[in-house]
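The following exercises ask the reader to work from individual residues towards the whole chain. Each task is followed by a solution in steps.

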Number of protein chains: 2
Amino acid sequence: MRRNLTGNSLIMKPIQVGLLGIGTVGSGVFNVLNRNQEEIRRRAGRGIEIACVADLDVGRARSVVGDAAQVVADARAVIANPDIDIVVELIGGYGIAKALVLEAIAAGKHVVTANKALLAVHGTEIFAAASAKGVMVAFEAAVAGGIPIIKALREGLTANRIQWIAGIINGTTNFILSEMRDKGLDFDVVLKEAQRLGYAEADPTFDIEGVDAAHKATIMSAIAFGIPVQFDKAYVEGITKLGAADIRYAEQLGYRIKLLGIARRRTGGADGVELRVHPTLVPAKRLIANVEGAMNAVVVQADAVGTTLYYGKGAGSEPTASAVIADLVDIARLAAADPEHRVPHLAFQPHTLDEARDALPVLPMTEVVTSYYLRLRVADEAGVLAKVTGLLAGADISIDAVLQREADEVGGEGSTHTDLIILTHETREGTMNDAIAQMQALPTVLGPIVRIRKEELN
Amino acid sequence: MRRNLTGNSLIMKPIQVGLLGIGTVGSGVFNVLNRNQEEIRRRAGRGIEIACVADLDVGRARSVVGDAAQVVADARAVIANPDIDIVVELIGGYGIAKALVLEAIAAGKHVVTANKALLAVHGTEIFAAASAKGVMVAFEAAVAGGIPIIKALREGLTANRIQWIAGIINGTTNFILSEMRDKGLDFDVVLKEAQRLGYAEADPTFDIEGVDAAHKATIMSAIAFGIPVQFDKAYVEGITKLGAADIRYAEQLGYRIKLLGIARRRTGGADGVELRVHPTLVPAKRLIANVEGAMNAVVVQADAVGTTLYYGKGAGSEPTASAVIADLVDIARLAAADPEHRVPHLAFQPHTLDEARDALPVLPMTEVVTSYYLRLRVADEAGVLAKVTGLLAGADISIDAVLQREADEVGGEGSTHTDLIILTHETREGTMNDAIAQMQALPTVLGPIVRIRKEELN
């Protein structure tokens with residue numbers, strides 16, 4: 001980036017940007033930069049121009065940018081272009097995107113990316129390369145779309161020791177869960193509807209299995225606690241096995257079920273970080289329980305500020321573009337500062353990350369402490385509840401609430417089985433695993449026990 | 001601020017901070033900086049030290065900081081101290097605080113302040129002085145306490161043309177309104193309770209009359225729309241005249257009443273900015289309608305990102321300290337960049353503000369467009385509703401809903417009067433003023449008409 005030495009912001013050269021990939025998000029970036037160029041220039045003090053676009057589909061790229069930018073098929077031509085200050089990677093995935101990001105860094109370009117998968121898995125390598133080269137890699141768009149959550153965590157809450165983060169960070173699954181609850185429908189039915197409406201992709205695996213949320217939770221855990229990204233240590237459970245019945249029972253008990261990405265600092269015992277994505281019962285009165293449809297929200301608990309929440313659109317062309325452009329402006333500013341004065345990629349100075357990983361390891365799931373919703377299909381006979389609660393008491397798991405349905409309501413008239421729903425207080429996941437195994441072995445427990453984790457988030 | 005030229009962040013000198021005033025917020029700043037010093041250093045790349053504290057109550061100051069910092073009675077001794085990089089003003093008010101902030105700027109110090117009143121009224125003068133001197137004035141703590149809303153508006157949403165902002169930005173009034181609704185009590189009763197609990201001050205005027213919220217809304221309007229702060233043009237209406245009956249009727253119609261600070265860009269007609277604080281009906285299903293107690297929340301509607309919301313504690317020792325310290329770290333970073341690369345005080349380059357004020361003036365209240373809740377105490381006789389709705393139709397104000405109570409329910413058995421509640425669609429405030437005057441003149445309208453504005457916030 002050229003350093004302007006005149007002190008006159010009116011004549012600063014516009015930032016020259018190269019886009020790699022101009023699909024949904026890339027088009028959004030181009031359109032928003034065009035539409036709001038005056039507004040953005042009034043804020044940034046200089047223009048931001050997309051000088052060059054690479055896309056394998058040159059025709060599509062041309063139809064978006066017209067004659068406003070050079071269009072090429074070869075991404076490496078953008079990286080090699082000496083006029084380009086910042087490369088925006090919007091290709092996605094781990095493959096070619098990784099190679100191109102590393103090449104852009106090696107060429108001395110700053111990089112903006114929306115690629116959560118790439119950063120959650122290869123972030124350590126990429127940030128190290130960027131630090132060595134003295135360039136920035138910005139990624140506000142990688143987590144929760146247009147919500148400026150990375151900036152909030154990295155800068156806004158910089159005074160705080162962050163205790164936990166819990167987020168609805170995948171719009172597809174939140175849409176599906178909202179529909180299941182609203183309409184009392186099962187997962188498969190709603191998924192098809194979501195695909196028809198464009199809220200779910202043709203291959204929805206990454207979304208519905210929780211992988212996308214886990215990528216984002218991994219990135220947030222690093223920024224919150226000053227540890228490296230460690231996606232391989234994340235616990236990932238999606239929503240495919242959730243039944244309409246559990247959503248209904250949760251509602252009756254005052255809870256909603258959300259797919260949460262959770263990162264929690266544990267101290268006083270097995271010190272470490274919980275990093276997990278799974279369906280979660282949340283008290284219905286919490287704001288985050290009322291985040292519906294494809295919207296995202298992230299709750300952060302920190303020692304000085306207390307609870308804060310950030311809500312908005314987690315995906316889509318222009319919301320994501322909003323985050324990409326904010327990164328472009330940030331880079332245009334901080335590029336003028338000495339590298340050691342810039343905001344570190346993961347909020348904390350990079351030379352401190354390895355030590356933090358040792359002091360605060362990502363805990364295995366058996367060491368996680370949470371509370372639980374259990375649903376047991378049981379024989380409708382005397383003594384079942386006593387046996388089940390006896391086993392829990394023996395494991396030192398205390399019970400918060402019990403809901404026992406009438407057999408007729410569950411299995412129809414004359415039914416010989418019923419549903420027993422138990423809410424527990426907090427316990428170790430390993431302890432709960434053992435208790436579930438014991439309950440499952442009871443002859444009066446008729447089907448697989450459903451276990452959903454519960455967080456009070458207070 | 002000394003510029004570090006070695007490129008080695010490990011040996012950067014700690015930032016030296018001087019505090020003016022060490023009451024609730026100042027103590028919080030001191031305590032959080034102490035408690036989290038390791039965490040903050042790991043983020044900022046250098047330490048942040050409170051070197052010097054000025055407070056008229058030297059004993060109190062000493063009891064907070066012990067021997068960790070110099071304590072003086074004279075704020076000017078802090079400003080004159082050549083070792084101090086940043087002066088934090090936590091005195092409050094327009095008087096001595098203004099003089100000290102200007103003196104600190106003149107002495108070449110960066111300034112952090114939580115003083116919303118000062119900035120809303122004298123911001124233009126203060127920011128001009130800071131720009132001329134090449135120093136920064138940061139004020140995250142001035143709006144919504146610990147919520148990083150200034151950063152979100154100024155940097156996170158930089159790509160956007162912001163359309164409107166609506167915020168619960170005064171915790172005292174939100175606490176009072178929450179209690180009035182929960183317990184069905186009248187304003188006076190709850191105010192006393194709030195004072196007893198410390199949620200309201202002994203002289204609560206600035207809070208309950210909406211002045212504090214208007215200061216904050218004024219600052220946000222400037223940052224959102226690129227106009228100067230113009231507190232004198234804000235419309236300010238507090239909650240002192242709200243009755244429990246209106247809160248109850250609003251609830252029956254699916255709304256909650258919140259004191260909102262609103263800044264809205266109007267285009268296509270009388271271009272300008274609406275800047276207003278008043279009790280507002282909000283649909284009960286909106287997240288912001290569910291923000292209870294002393295909590296704050298700000299909703300921002302912007303063209304690219306859509307709706308985002310920011311929620312957290314709007315006041316208190318450590319939440320406010322969280323924002324002050326975030327500003328200290330930001331200044332430590334951006335001080336190393338050329339002034340023209342820093343984030344402008346009010347988000348937009350200062351030389352563009354005057355032109356924007358002319359193009360986008362703050363509109364008089366009569367030009368505001370909103371919808372309304374009206375409550376009329378009327379005689380319980382035939383034809384009243386027809387007369388009232390006829391007047392509204394004549395003024396071209398369309399009706400969204402009508403709720404007519406049984407006379408017995410309102411005035412007791414045998415009552416000859418009842419309440420007529422009308423929700424309207426959007427209209428000009430001036431038009432509504434005329435219509436209310438006409439309705440008020442009807443002999444069947446028995447008492448003063450209650451008018452509360454309504455916003456759908458979608």
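**Exercise 1.** Determine which residues A:Lys116 touches, leaving aside those up to four places away in sequence, and place A:Lys116 in its secondary structure element.

*Solution.* The model is a predicted one. Step 1: the contacts of A:Lys116 are A:Ala142, A:Asp212, A:His215, A:Lys216 and A:Ile219, when residues up to four places away in sequence are not counted. Step 2: A:Lys116 belongs to helix α6 of chain A, which covers residues 116-133. Step 3: the UniProt record, an unreviewed entry, gives A:Lys116 the feature "binding site".

**Exercise 2.** Locate A:Ala142 in chain A and decide whether this residue is buried or exposed.

*Solution.* Step 1: A:Ala142 sits in the loop that runs between β6 (137-138) and α7 (149-156) of chain A. Step 2: a residue counts as buried under 20% relative accessible area. With a relative accessibility of 0%, A:Ala142 is therefore buried. Step 3: residues up to four places away aside, A:Ala142 touches A:Thr113, A:Ala114, A:Asn115, A:Lys116, A:Leu119, A:Lys216 and A:Ile219. Step 4: for a distance across the chain, take A:Val343, which is 201 residues from A:Ala142 in sequence; their C-alpha atoms are separated by 17 Å.

**Exercise 3.** UniProt lists a further "binding site" in an unreviewed entry. Name its residues and describe A:Thr24 and A:Val25.

*Solution.* Step 1: the record lists A:Leu20, A:Gly21, A:Ile22, A:Gly23, A:Thr24, A:Val25, A:Gly26 and A:Ser27. Step 2: A:Thr24 is part of helix α1 of chain A, residues 24-35, and A:Val25 also lies in helix α1. Step 3: the relative accessible area of A:Thr24 is 55%, so A:Thr24 is exposed. Step 4: A:Val25 touches A:Leu90, A:Ser317, A:Thr320, A:Ala321 and A:Val324, again without residues up to four places away in sequence.

**Exercise 4.** Which residues of helix α2 (residues 37-44) of chain A are buried, and what follows the helix?

*Solution.* Step 1: the buried residues of α2 in chain A are A:Glu39, A:Ile40, A:Arg42, A:Arg43 and A:Ala44. Step 2: after α2(A) comes A:Gly45, with a positive phi near 85°. Step 3: in chain B, the buried residues of helix α2 (residues 37-44) are B:Glu39, B:Ile40, B:Arg42, B:Arg43 and B:Ala44. Step 4: B:Gly45 follows α2(B), and its phi is positive, near 85°.

**Exercise 5.** Describe the positive phi values of A:Ala347 and A:Asp396, and the surroundings of each residue.

*Solution.* Step 1: A:Ala347 is not a glycine, yet its phi is positive, near 75°. A:Ala347 occupies the loop between α13 (317-334) and α14 (353-359) of chain A, and is buried because its relative accessibility is 0%. Step 2: A:Asp396, likewise not a glycine, has a positive phi of about 65°. The loop that holds A:Asp396 lies between α15 (384-394) and β14 (399-404) of chain A. At 68% relative accessible area, A:Asp396 is exposed.

**Exercise 6.** How many helices and strands does chain A have, and why is chain A as compact as a globular protein of that length?

*Solution.* Step 1: chain A has 17 helices and 17 strands. Step 2: its radius of gyration is 25 Å, close to the 23 Å that the globule rule gives for 458 residues, so chain A is as compact as a globular protein of that length. Step 3: of these 458 residues, 62% are buried.

Definitions and conventions: Residues are numbered from 1 along each chain as its sequence is written. Chains are lettered from A and ligands numbered from 1 in the order in which they are written. This is a predicted model: local features need pLDDT of at least 70, side-chain atom pairs count only at pLDDT 80 or more; totals for chains, interfaces and linings use all residues. Side-chain values use heavy atoms; hydrogens and water are left out. Helices (H or I, at least four residues) and strands (E, at least two) are DSSP runs, numbered from the N terminus. The radius of gyration is taken over C-alpha atoms; the globule rule is 2.2 Å times the number of residues to the power 0.38. Buried means under 20% relative accessible area, exposed over 50%, partly exposed in between (1.4 Å probe, protein chains only). UniProt positions are given in the numbering used here, feature names are shortened, and annotations may be inferred rather than shown by experiment. Contact means heavy atoms within 4.5 Å.
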